[in-house]
Amino acid sequence: MKRQAPALEAALAQLEAAQLRRARVTIEHGAATGRILRLAGGRELVDFSSNDYLGLARHPTVARSMAACAAHLGAGSGASHLISGHGAEHARLEEELAAFTQRERALLFSTGYMANLAVMTALAGRSERVILDRLCHASLIDGARLSGAQLLRYAHADAGEAARLIEADPAHTALLATDGVFSMDGDLAPLPQLASCARAHDLWLVVDDAHGLGVLGARGGGVLEHFGLGSDAAPILVGTLGKAFGSFGAFVAGSAALIEFLIQKARTYVYTTALPQPVAAATRAALNIARLESWRRERLMALVARFRAAAQAVGVPLADSSTPIQPVLLGSAAAALAAQRELAAAGYWVVAIRPPTVPAGSARLRVTLSAAHSDAQLEGLVEQLGRIGASARAQAQ
Ligand SMILES: *Cc1c(COP(=O)(O)O)cnc(C)c1O
């Protein structure tokens with residue numbers, strides 16, 4: 001370790017010099033309502049960075065469900081699902097997720113990262129190929145790499161290139177995988193085209209709808225409902241529970257055979273401790289609210305429209321996104337970081353997203369909207385974005 005320290009310090013200094021070093025902020029407190037973060041030290045910021053799209057993470061019913069379950073069953077599950085960690089709350093949540101996604105079965109995972117590793121490694125092997133969108137989430141890419149299959153990536157949202165890659169060797173192509181809503185861009189995968197292409201080649205389409213479920217579609221059914229596609233269009237659906245559902249964990253939904261196979265084969269399912277049951281209890285409460293309170297989705301989409309109109313009116317460089325993920329494209333890491341600092345000074349927490357999370361030269365502020373934001377908070381943010389843009393333009397002249 002002693003010998004390695006100078007090399008690590010040099011690597012860190014290089015990140016710093018390139019404006020690519022990342023830092024955490026410690027959140028002391030998030031208010032029960034509203035979107036206020038209090039940082040260690042007492043400063044308060046309006047949070048436009050979280051994935052809590054429906055405002056459920058601090059919902060009192062959700063929090064009470066977790067506490068009541070913990071009082072009854074304790075904090076930890078004590079073992080993996082296949083030993084003695086699988087509880088009644090897990091089983092009920094899996095049934096409810098299967099019903100919600102209109103699939104035969106659903107299987108809980110501790111995180112979305114692990115769910116994607118499970119799908120890719122269990123269903124693709126060494127002599128096969130997997131085909132992914134270039135902007136897929138890191139966990140799909142890592143899962144594909146870990147599977148040992150040949151990883152081929154098509155230009156973002158280019159269903160034509162996906163089809164050409166498949167047609168080059170359909171017999172050895174195991175999976176076609178995509179995000180439903182792209183996490184750093186907010187745009188949607190061309191699912192109707194990808195689904196028909198997968199069907200034509202009798203290929204599994206994996207859709208990771210981490211940012212669509214709960215948010216898109218009148219029922220919150222996600223990107224498939226948005227496009228009017230049935231569950232057969234994407235036989236393998238991955239969802240996360242730490243975003244719109246405000247809780248923690250993830251799931252894979254699909255046929256009974258798929259789920260049974262994952263239980264047997266997926267190493268990120270078999271060799272890990274089961275999610276705590278109180279977390280599953282909280283998710284059940286959140287799923288119920290997300291299902292029933294469609295006003296949350298309507299409010300969220302109204303805020304998206306309002307944000308886009310107001311931001312465009314003051315010249316903010318928005319991406320082509322109709323979801324609550326609204327990137328403000330700035331280009332260099334330095335520009336994105338400077339904008340983040342200025343917004344924080346003005347009382348708004350929006351985070352600069354830099355390479356390698358996004359391609360070089362496409363650093364951005366990632367603004368995320370929530371049904372829990374007020375109109376005044378939204379207007380305040382847009383005013384600051386406009387002011388920052390105007391001063392950057394003045395400096396450039
Ligand atoms: C967040 C995210 C994941 C990972 O989910 P976690 O539960 O946070 O591990 C996977 N895929 C996509 C598209 C995501 O945005």
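Author: The word "domain" comes first: the bounds of a domain are taken from an automatic or database domain assignment. The model is predicted. Its chain is divided into domain 1, made of residues 27-58 and 294-396, and domain 2, made of residues 60-292. Taken over C-alpha atoms, the centres of domain 1 and domain 2 are 27 Å apart. The part to look at is the contact between them, to which domain 1 gives 25 residues and domain 2 gives 28.

How much area is buried between domain 1 and domain 2? The value is about 1,900 Å², and carbon and sulfur atoms give 60% of it.

The structure holds 14 salt bridges, and the count between domain 1 and domain 2 is one. Arginine 364 forms a salt bridge with aspartate 185, and their closest N and O atoms are 3.1 Å apart.

On the side of domain 1 that touches domain 2, the elements giving two or more residues are α13 (295-313), β11 (325-331) and β14 (363-368). Of these, α13 gives the most, with four residues. Sorted by class, this side of domain 1 has 12 nonpolar residues, six polar ones and seven charged ones.

Proline 356 lies in the loop between β13 (351-353) and β14. A cis peptide bond joins proline 355 to proline 356, with omega at about 10°.

For comparison, here is a salt bridge elsewhere in the chain. Arginine 35 pairs with aspartate 52, and the closest N and O atoms are 3.1 Å apart. The two residues are 17 residues apart and link distant parts of the chain: arginine 35 is in the loop between β1 (27-30) and β2 (36-39), while aspartate 52 is in the loop between β3 (44-47) and α2 (60-73).

There is also a ligand. Which of the 13 residues around the ligand come nearest? They are Gly112, Tyr113, Asp208, His211 and Lys243. The side chain of aspartate 208 has an N or O atom 2.5 Å from a nitrogen atom of the ligand. Two further side chains are set against ligand oxygen: for histidine 211 the distance from an N or O atom to an oxygen atom of the ligand is 2.6 Å, and for lysine 243 the distance is 2.7 Å.

Glutamine 102 is not a glycine, yet its phi is positive, at about 55°.

Terms used: Residues numbered from 1 in each chain as written. Predicted model: local features only at pLDDT ≥ 70, side-chain atom pairs only at ≥ 80, totals over all residues. Heavy atoms only, no water. Contact = heavy atoms within 4.5 Å. Buried area = accessible area lost by both parts, 1.4 Å probe. Salt bridge = Lys/Arg side-chain N within 4 Å of Asp/Glu carboxyl O. Nonpolar A, V, L, I, M, F, W, Y, C, P; charged D, E, K, R; others polar. Near = heavy atom within 4 Å. Polar contact = N/O pair within 3.5 Å; in protein donor to acceptor, adjacent residues only side chain to side chain.
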